[in-house]
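Biologist: I would like to learn how to read the packing and pairing features of a model like this one. Could you take me through them in turn?

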Amino acid sequence: MAETDKKGARSLGFEPYAIAQDEEYMNADQEEHFRGLLLEWKRQLMEEVDRTVHHMQDEATNFPDPNDRATQESEFSLELRTRDRERKLIRKIDEALERIDDHDYGYCEACGVEIGVRRLEARPTATLCIDCKTLDEIREKQRG
């Protein structure tokens, strides 16, 4: 699902939101656009979790060869790490849906400025505007 994360709205089957001239930022139509985008993303992630569970149940074999067993355990470990990242992403999606319900979605948590429709389509769980995110990353690099 990393592909979904990197490609944004288009990979989720959504067309970019058509912003009308003089349209109020984060109006009901925009909130509904992002609600649909987030719910679809969550649905896809949940399907992937289900597929992983079934795959691991179906593929769990007690190989007599230690190398085969180790390979299988390594593959399962990688899948579980991926699912853990997706679980955290699902939590972020749920938080974004709560912000939509509270009409706080689309505004920077640090400075309160509009994050922007295009940035949100690229990263629907964004909580910082590009300037605050850049500063955050610079601080993180300095801390090492």
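Modeller: What follows is a short walk through the core, the salt bridges, a helix and the aromatic pairs of this predicted model.

Biologist: Let us begin with the core. Which residues of the largest nonpolar core touch the most other members?

Modeller: The idea is to look for buried nonpolar residues joined through side-chain atoms within 4.5 Å. Here the largest such core has 22 residues, and those touching the most other members are Phe34, Leu38, Ile93, Tyr105 and Leu120. Helix 2 (28–59), helix 3 (66–101) and helix 4 (117–122) each supply at least two residues of this core, and the largest share, six residues, comes from helix 3.

Biologist: With which residues is Leu38 in contact, leaving aside its neighbours within four places in sequence?

Modeller: Leu38 is in contact with Ile93, Ala96, Leu97, Ile100, Tyr105, Pro124 and Thr125. Thr125, which lies in the loop between helix 4 and helix 5 (130–143), has contacts of its own beyond four places in sequence, including Trp41, Leu89, Lys92 and Arg99.

Biologist: Why does Thr125 count as buried?

Modeller: Buried means under 20% relative accessible area, and Thr125 counts as buried because its relative accessibility is 9%.

Biologist: Turning to charged side chains, how many salt bridges are there?

Modeller: A salt bridge is read from the distance between a side-chain nitrogen of Lys or Arg and a carboxyl oxygen of Asp or Glu, with a cut-off of 4 Å, and by this rule the count comes to eleven. One of them joins Arg43 and Glu47, whose closest N and O atoms are 2.2 Å apart; both residues lie in helix 2, four residues apart, about one turn of the helix. Arg43 is partly exposed at 37% relative accessibility, and Glu47 is also partly exposed, with a relative accessible area of 34%.

Biologist: Which parts of the chain does the pair of Glu48 and Arg83 link?

Modeller: The side chains of Glu48 and Arg83 meet in a salt bridge at 3.5 Å, N to O, and this pair links distant parts of the chain, with Glu48 in helix 2 and Arg83 in helix 3, 35 residues apart. Glu48 counts as buried at 19% relative accessibility, as does Arg83 at 12%.

Biologist: Finally, how many aromatic pairs does the structure hold?

Modeller: For each pair of rings one reads the distance between centres and the angle between planes, and the structure holds two aromatic pairs. Tyr25 and Tyr107 are edge-to-face, at 5.3 Å centre to centre with 85° between the planes; Tyr25 lies in the loop between helix 1 (2–7) and helix 2, and Tyr107 in the loop between helix 3 and helix 4, 82 residues apart. Tyr25 is buried at 11% relative accessibility, whereas Tyr107 is partly exposed, with a relative accessible area of 30%. The rings of Phe34 and Tyr105 have their centres 5.4 Å apart and their planes at 50°, so this pair is tilted. Because Phe34 lies in helix 2 and Tyr105 in the loop between helix 3 and helix 4, the pair ties together parts that are 71 residues apart in sequence. Both Phe34 and Tyr105 are buried.

Terms used
Residues numbered from 1 in each chain as written. Predicted model: local features only at pLDDT ≥ 70, side-chain atom pairs only at ≥ 80, totals over all residues. Heavy atoms only, no water. Buried < 20%, exposed > 50% of the residue type's maximum accessible area, 1.4 Å probe, protein only. Contact = heavy atoms within 4.5 Å. Phe/Tyr/Trp six-rings, centres within 6.5 Å; stacked < 30°, edge-to-face > 60°.
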